[in-house]
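Let's take a walk through this fold, one piece at a time. Keep the viewer open as you read.

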Amino acid sequence: QGAPDGLIRGTGTCTKSLEAASEDMPTVECPAYTRIAEDVELGKNLMKLLPPSESVSRQFITACNTLNLQRQEVRRSLDRDWNQQVHRAATQDSLVKYYAHLTTPPLSVVDLARLNVKFKWKDSIGYSKAARDISGELEKNNLIYNIGVASSYLATEVLQSDNASRFVIAKRHFEEAAGAFWHVRQRIMHESAPAGLTADKMNLELRIESLDALIAVMLSYALRCVYEKAKMDNSPPKILARLAHKVAASYNASAGCMQEAVRMKQGLDKMYTSWQQYLEFEYEYYLAQARLHSADVDEPAMFPAKHRVHVQLAKEMMERLYAASNSTSSKLVCAAKIFKKHRPDLLKEKTAVEGRYNNFEKDVRGMVYGMVEKLDVSQVELYPPASVNATHKPFEETFKFEGPVLFEGVVFVEGRARREVKIEISDSSEEEIQENDREDSEPEEDANNQEEVARPAVERDRELLGIPQE
């Protein structure tokens with residue numbers, strides 16, 4: 001738990017790659033992709049499931065080759081230098097497609113261990129040897145994890161755009177990322193472990209403590225989008241003060257979760273120490289913002305003593321942050337670089353807060369507000385955090401693959417692939433049924449679409465983000 005009004009703590013080394021900063025919207029630190037360590041002939045080994053005396057069809061051979069090509073495309077996508085590429089949406093699509101085919105019938109019922117294929121994955125920082133597994137659980141878990149990573153990158157990209165609804169879209173992406181990390185956590189607990197693949201046998205990112213930290217961080221980023229949208233819309237100071245306090249509290253909780261991962265060591269300290277310190281810097285930054293907005297609520301003409309405390313504490317926090325961001329200490333230098341990268345205008349902000357405080361003190365000396373008593377800082381509390389929440393999106397619903405299913409028309413029985421025999425139970429074709437359903441639903445959908453378009457975009461976005469009213 002952090003001390004009131006911020007406490008910078010922790011030690012660590014630099015391990016994270018940095019996103020490019022922007023003048024419009026500060027970026028955030030994101031997780032890195034895990035990597036496929038070795039190619040495997042997945043399709044070729046699936047061909048061995050064909051009975052010696054029976055050929056299923058050319059379609060089966062094509063499906064095997066397609067699955068192999070999809071895995072190769074996933075590997076190429078994950079190995080790219082993402083500071084130079086802008087194809088993250090395409091990467092997420094390839095991950096979703098490959099994962100869907102592995103987990104959709106009929107292939108999902110196949111015991112991949114029978115293929116004698118070793119799936120190998122390595123962590124993002126090259127700390128340990130590649131994890132390996134023959135059950136396919138390691139493969140599926142890393143695919144889900146990387147889908148979540150792609151979502152976090154998509155969120156940071158849209159925040160840099162001029163899209164009017166960028167905060168709504170980014171919040172959704174961060175919640176989708178949290179949903180992916182939550183889903184892989186549940187798989188590891190309830191499916192992988194019973195199959196003999198426990199978390200300690202996987203790559204670092206898939207440890208339970210790591211996933212818990214990433215879930216918390218993604219939800220903190222989602223809440224930050226709510227605050228930034230409210231700030232952009234010039235919401236009343238009290239709303240901004242409560243939202244900033246909420247974001248600060250969420251960052252503090254996230255830093256605590258990441259600290260638990262760091263304490264586990266085994267490589268997680270190398271991966272997360274600097275990031276955890278960066279989260280603590282952000283925690284203090286948003287506490288300072290909460291103080292400044294509170295000072296706007298407690299106007300100097302009405303509450304000069306309370307106003308002074310708010311601005312004074314904000315100034316002290318910004319000065320500490322600026323000093324920490326320029327630290328040359330080996331314990332903080334990497335976190336300082338991360339924070340400066342994501343907050344390029346910190347000096348400008350600090351200077352503005354100092355100017356505000358100095359101007360107020362000048363007015364006090366000039367008796368503009370009469371006699372101003374000095375209050376103890378403990379007497380001037382922040383406005384309570386806003387009752388706004390971010391929740392992880394259900395993975396299976398969010399990343400539903402709509403394309404054709406590989407191995408359609410094939411059923412795997414006792415480890416062998418055979419033709420699937422379907423029994424017709426209706427005179428109407430599936431196409432006719434779907435067409436009738438579409439015709440029945442079109443009028444209602446058109447009415448809903450017209451009503452949605454009619455609503456002002458700003459009002460709709462604020463409602464989607466859950467920004468509170470006065």
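**A walk through the model**

Start in the loop between α6 (208–232) and α7 (237–263), which is where Asn-234 sits; helices here are DSSP runs of H or I with at least four residues, strands are runs of E with at least two, and both are numbered from the N terminus. Asn-234 has a phi near 55°, a positive value in a residue other than glycine. With 68% relative accessibility, Asn-234 counts as exposed, given that exposed means over 50% relative accessible area, buried under 20% and partly exposed in between (1.4 Å probe, protein chains only).

Before going further, some ground rules: this is a predicted model, where local features need pLDDT of at least 70 and side-chain atom pairs count only at pLDDT 80 or more, while totals for chains, interfaces and linings use all residues. Residues are numbered from 1 along each chain as its sequence is written, and side-chain values use heavy atoms, with hydrogens and water left out.

Move along to the loop between α7 and α8 and you'll find Gln-266. Gln-266 also has a positive phi, near 55°, and is a residue other than glycine. Its relative accessible area is 47%, so Gln-266 is partly exposed.

Now zoom out. The protein has 14 helices and 5 strands, and 50% of its 470 residues are buried. Take the contacts between residues at least 6 apart in sequence: 79% of them join residues at least 24 apart, where contact means heavy atoms within 4.5 Å.

Which residues does Arg-71 touch, leaving aside its neighbours within four places in sequence? They are Ile-36, Glu-38, Asp-39, Val-40, Tyr-98, Phe-119, Trp-121 and Glu-139. Arg-71 itself is found in helix α2 (residues 58–79), and because its relative accessibility is 2%, Arg-71 counts as buried.

Next, helix α5 (residues 166–192). Its 27 residues span 37 Å from first C-alpha to last, close to the 39 Å expected at 1.5 Å a residue (that expectation is 1.5 Å times one less than the number of residues). Helix α5 is mostly covered, with 21 of its 27 residues buried. One of its partners is helix α4 (residues 137–159): the two axes come within 8 Å and cross at roughly 165°. Axes are lines fitted to C-alpha atoms, for helices over the stretch in contact, and angles run from 0 to 180 degrees between N-to-C directions. The crossing of α4 and α5 is left-handed, meaning the near helix is turned anticlockwise from the far one by less than a right angle, with clockwise giving right-handed.

Finally, compare another pair. Helix α8 (residues 268–297) and helix α10 (residues 333–342) pack at about 50°, with axes 8 Å apart. That makes α8 oblique to α10, and their crossing is right-handed. On the α8 side, the residues that meet α10 include Tyr-278, Phe-281 and Tyr-285; on the α10 side, Ile-338 and Phe-339 are among those meeting α8.

Technical notes
Angles under 35 degrees count as roughly parallel, over 145 as roughly antiparallel, 65 to 115 as roughly perpendicular and the rest as oblique.
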